[in-house]
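I opened the model and kept notes on each item as I looked it up.

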Amino acid sequence: MPRLMIAELPLIVEISEKARKIVGEVLESLGISAAVLLTGHKSYELVGAKIEERIGDKILNRFFIERPSMGEVRRIEMSLSYSDVDCVIGIGGGKVLDVAKVLASEMNVTLVNLPTVASHDGIASPLASFKENGKPVSISTKPPTAVLADLVILRHSPIRLLRSGFGDLVSNVTAVKDWKLAKEKKGDAFNEVAASMAVMPANLLLNSDRLDLRGSDVEMLVRGLILSGVAIAIAGSSRPASGAEHKFSHALDYLGYGNGTHGEQVGIGTIIMEYLHEKHYGIGDWERVKQALEKIQAPTTAKEIGLTREQVIEALMYAKRIRRKRYTILEDVNPTKDELEVVLNKTGVA
Ligand SMILES: NC(=O)C1=CN([C@@H]2O[C@H](COP(=O)(O)OP(=O)(O)OC[C@H]3O[C@@H](n4cnc5c(N)ncnc54)[C@H](OP(=O)(O)O)[C@@H]3O)[C@@H](O)[C@H]2O)C=CC1
Ligand SMILES: O=C(CO)COP(=O)(O)O
Ligand SMILES: [Zn+2]
């Protein structure tokens with residue numbers, strides 16, 4: 001029987017052209033008086049400095065994040081010592097927001113996140129991803145109390161990172177198929193609300209004729225990534241947004257192969273896993289996934305993210321061995337190297 005669980009969710013979510021301008025108002029409404037600002041050099045220069053001007057009276061300290069790690073969290077905690085901090089504000093990309101999440105969780109204070117890029121669904125999720133000793137680790141945190149997604153900032157953020165966000169959102173399509181498979185084959189707990197929240201925005205974008213991430217579609221992308229994060233909080237695990245395509249991406253990170261971003265890797269992984277779902281269960285349309293990624297000029301081939309065919313095969317074989325409790329199409333089909341060669345040929349990935 002699934003356990004009854006009360007999920008902690010973001011209290012305030014603003015997705016608009018003026019989100020950056022209401023930070024003061026939001027802090028006021030949350031009763032914040034002493035916040036610590038975490039940011040990156042670039043994001044501070046482009047966005048953070050101006051926001052800090054507006055809320056300067058509430059900022060106790062500012063830290064620039066360079067390398068997201070537990071060491072970085074400890075460094076900040078030590079500098080803050082016994083200061084009476086009641087809020088962490090994160091203004092930056094995934095690196096900054098992840099450190100902000102872990103710090104706010106450890107200090108048990110309010111977290112206000114203002115993403116300056118929309119590169120993955122960590123914007124609103126209760127998960128942080130650090131590299132420790134060169135290897136990726138996933139850390140559970142509290143979700144942000146407030147997420148202020150400013151569409152003007154995000155529309156002008158680097159296009160490669162917007163495309164990456166699209167890849168991470170589209171990956172929910174196979175993640176949810178894997179989750180359903182685990183429910184049917186292994187009796188895993190499945191949450192229809194979380195699954196729908198994760199998959200519906202992804203399908204909306206996949207079915208769109210024209211995709212313009214610098215234009216009107218940025219809003220749906222950001223909405224979808226935030227809903228993904230909330231779906232993760234509701235499900236109590238990354239299940240709605242992470243299946244076999246994420247195992248493939250984690251395998252690449254572990255092996256240190258290629259130069260793709262998270263979203264680029266999972267995007268290519270989604271083509272492969274959607275092919276397997278379609279072939280073995282007749283559900284899915286890998287060509288639709290590939291075409292959508294091509295439409296926004298995101299990579300759809302191994303070569304584009306610095307991978308050889310052999311490395312992709314090795315990563316797929318490795319992916320079968322990680323996080324074994326999470327049943328996916330890879331454990332279900334357990335493809336051999338020869339079968340994977342066929343998949344790569346057919347999909348044109350390598
Ligand atoms: N929590 C989760 O679920 C997940 C977390 N991750 C983690 O997220 C991190 C990657 O996040 P990602 O957002 O891709 O990358 P970064 O946070 O590293 O940001 C990428 C670059 O963009 C710069 N930047 C930020 N905002 C802007 C802007 N508006 N315009 C121009 N440049 C900008 C940053 O500079 P500067 O930093 O100097 O401001 C940085 O150089 C990794 O640490 C990864 O492990 C990955 C997947 C999932
Ligand atoms: O990237 C994520 C969801 O998009 C996080 O998932 P993981 O739990 O696989 O790290
Ligand atoms: Zn992801």
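Predicted model: local features only at pLDDT ≥ 70, side-chain atom pairs only at ≥ 80, totals over all residues.

I placed Ser 208 in the loop that joins helix H8 (192-206) and helix H9 (217-235). I then looked across to Ala 292: its C-alpha atom is 8.4 Å from that of Ser 208, although 84 residues separate the two along the chain.

Next, the domains. I took the bounds from the domain assignment, which gives domain 1 (12-156) and domain 2 (159-347). I have their C-alpha centres at 27 Å apart. To the contact, domain 1 contributes 21 residues and domain 2 contributes 27 residues. On the domain 1 side, I listed strand S1 (12-16), strand S7 (135-140), strand S8 (146-150) and helix H5 (151-155) as each supplying at least two residues. Of the elements on that side, H5 gives the most, with 3 residues. I sorted the side of domain 1 that touches domain 2 by class and got 14 nonpolar, 4 polar and 3 charged residues.

Then the ligands. Where does ligand 1 lie relative to domain 1 and domain 2? Both domains give residues to its shell, so I put ligand 1 between them. I found 27 residues around ligand 1, the closest being Gly 40, Ser 43, Gly 93, Gly 94 and Gly 122. Helix H2 (41-55), helix H4 (94-107) and strand S6 (127-132) are the elements that give two or more residues to this shell. By class, I noted 9 nonpolar, 15 polar and 3 charged residues around ligand 1.

For ligand 2, I wrote down the shell as His 120, Asp 121, Leu 127, Ser 129, Ser 138, Asp 168, Ser 238, Ala 241, Ser 242 and His 246. I classed these as 2 nonpolar, 6 polar and 2 charged residues. I also put ligand 2 between domain 1 and domain 2, because both give residues to its shell.

Last, a helix pair. I looked at helix H11 (residues 262-281) against helix H15 (residues 337-347), which pack at an angle of about 110 degrees with their axes 10 Å apart. The residues in contact are Ile 271, Ile 272, Tyr 275 and Leu 276 of H11, with Val 343, Lys 346 and Thr 347 of H15. By class, I have 5 nonpolar, 1 polar and 1 charged residues in this contact.

How values were computed
Residues numbered from 1 in each chain as written. Chains lettered and ligands numbered in written order. Near = placed C-beta within 6 Å. Helix = DSSP H or I, 4+ residues; strand = E, 2+ residues; numbered from the N terminus. Nonpolar A, V, L, I, M, F, W, Y, C, P; charged D, E, K, R; others polar. Domains from an automatic or database assignment. Axes fitted to C-alpha atoms, helices over the stretch in contact; angles between N-to-C directions. Contact = placed C-beta atoms within 7 Å.
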